[in-house]
Amino acid sequence: MARIFSIDEFNGGLTLSKRKNYAFTCVTFKNGTRTQLKAAEGAKIIYVLSGELDLKVEHNLFRLKAGHWANIPKGKNYGVNVYRSFEPCKFIILTCLQGAIDNHVIYGDVNALPLKRSTASFSLFGQESEVMQAKHIEFREGDTWVDKSKSEAFVYAEKGNLKVNFMYKGFDIPEGSVVFIPGHFKFTVIPESGEATALVVTSPVDMAKTKEYVNWLKDEHGLLWEEGAIEV
């Protein structure tokens, strides 16, 4: 059954999917917070909601602001340092415990990625791992998003209120809340009113939409996903 919770309820807590494939956590650090380097226990995506942080992966430093993401390869040492943020830095860490990615950190700004228009505008980040896919979806009035992956999923209401439908039931997801959806079900995401933004995390069981998006970036915008990759 679906589980709905506010990300503010578990600062630093770990929420595991039913099959323990994924972990979703949200962390808020005050200015001056520094963590010790530790080995990533699974392939990770870090996504900044507010503030600014420095992410160190091995000997490489990445400065991430609100809307920025970075991939952290499994087994690589990483740490977070917050010392330039005028507000508490809040960020999400997504972990795939059952898979690994190669030795590349790919990072950027989701708001700078071109949006592909289908049933809703979306950009993909984290797709190079082929073990965990994160979709940043911007809804307009009347938009819906139908996800047919049928894998375990997290849907986070980043902006606005959402309704998530699956198993003939509807679940209201307030802004700032996340719902966990068990596997074997396709689901639909609909904004309650007006515009909204969602983060949808699944396993890329069907890579067709991913490949279509990456080819579109290349053909229409001349962007190669490999650009910006740093081997660590």
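Is Lys 135 buried or exposed? Select Lys 135: the residue is buried, with a relative accessible area of 2%. Buried means under 20% relative accessible area, exposed means over 50%, and partly exposed lies in between, computed with a 1.4 Å probe on protein chains only.

Before going on, note that this is a predicted model, in which local features need pLDDT of at least 70 and side-chain atom pairs count only at pLDDT 80 or more, while totals for chains, interfaces and linings use all residues. Residues are numbered from 1 along each chain as its sequence is written, and side-chain values use heavy atoms, with hydrogens and water left out.

**Stop 1**

Keep Lys 135 selected and colour strand 15, where Lys 135 has its place. Strands (E, at least two residues) and helices (H or I, at least four) are DSSP runs, numbered from the N terminus. Asp 147 is in strand 16 and Lys 135 in strand 15 (residues 133-139), so the pair links distant parts of the chain, 12 residues apart. A salt bridge is a side-chain nitrogen of Lys or Arg within 4 Å of a carboxyl oxygen of Asp or Glu. Side chains of opposite charge can pair when their charged atoms come close. Asp 147 counts as buried, at 4% relative accessibility.

The side chains of Lys 135 and Asp 147 also make a polar contact, at 3.4 Å. A polar contact is a pair of N or O atoms within 3.5 Å; within protein, one must be able to donate a hydrogen and the other to accept it, and residues adjacent in sequence count only if both atoms are side-chain atoms.

**Stop 2: other salt bridges**

How many salt bridges does a search of the whole structure find? The search finds six. For another one, select Lys 163 and Asp 172, whose side chains meet at 2.7 Å, N to O. Lys 163 counts as partly exposed at 26% relative accessibility, and Asp 172 counts as partly exposed at 45%.

Arg 63 is partly exposed at 37% relative accessibility, whereas Asp 54 is buried at 4%.

**Stop 3: Lys 150**

Move to Lys 150, in the loop between strand 16 (145-147) and strand 17 (153-159). Lys 150 counts as partly exposed, at 47% relative accessibility. Which residues does Lys 150 touch, not counting residues up to four places away in sequence? They are Gly 183, His 184, Phe 185 and Lys 186. Touching here is contact, meaning heavy atoms within 4.5 Å. Draw a distance between the C-alpha atoms of Lys 150 and Phe 185: they are separated by 4.6 Å, although the residues are 35 apart along the chain.

**Stop 4: strand 8**

Select residues 68-72, which make up strand 8; five of its five residues are buried. His 68, Ala 70 and Ile 72 point one way from the strand, and Trp 69 and Asn 71 point the other way.

Then show the strands that pair with strand 8; two strands pair if DSSP finds at least two bridges between them. Strand 5 (residues 43-50) pairs with strand 8 in the antiparallel sense over four bridges, and Ile 46 stands opposite Ala 70. Strand 12 (residues 107-109) also pairs with strand 8 in the antiparallel sense, over three bridges. Here Ala 70 stands opposite Tyr 107.

**Stop 5: aromatic rings**

Rings of Phe, Tyr and Trp (its six-membered ring) pair if their centres lie within 6.5 Å; planes under 30 degrees apart count as stacked, over 60 as edge-to-face and the rest as tilted. By this rule there are six aromatic pairs. Select Phe 29 and Phe 91: the ring centres are 5.4 Å apart and the planes are at 75 degrees, so the pair is edge-to-face. Phe 29 lies in strand 3 (residues 22-29) and Phe 91 in strand 10 (residues 89-96), so the pair ties together parts that are 62 residues apart in sequence. Both Phe 29 and Phe 91 are buried.

Now select Phe 166 and Phe 171, whose ring centres are 5.3 Å apart with planes at 25 degrees, so the pair is stacked. Phe 166 is buried at 3% relative accessibility, and Phe 171 is buried with a relative accessible area of 14%.

Finish with Phe 24, Phe 154, Tyr 156 and Phe 180, which form one aromatic cluster.
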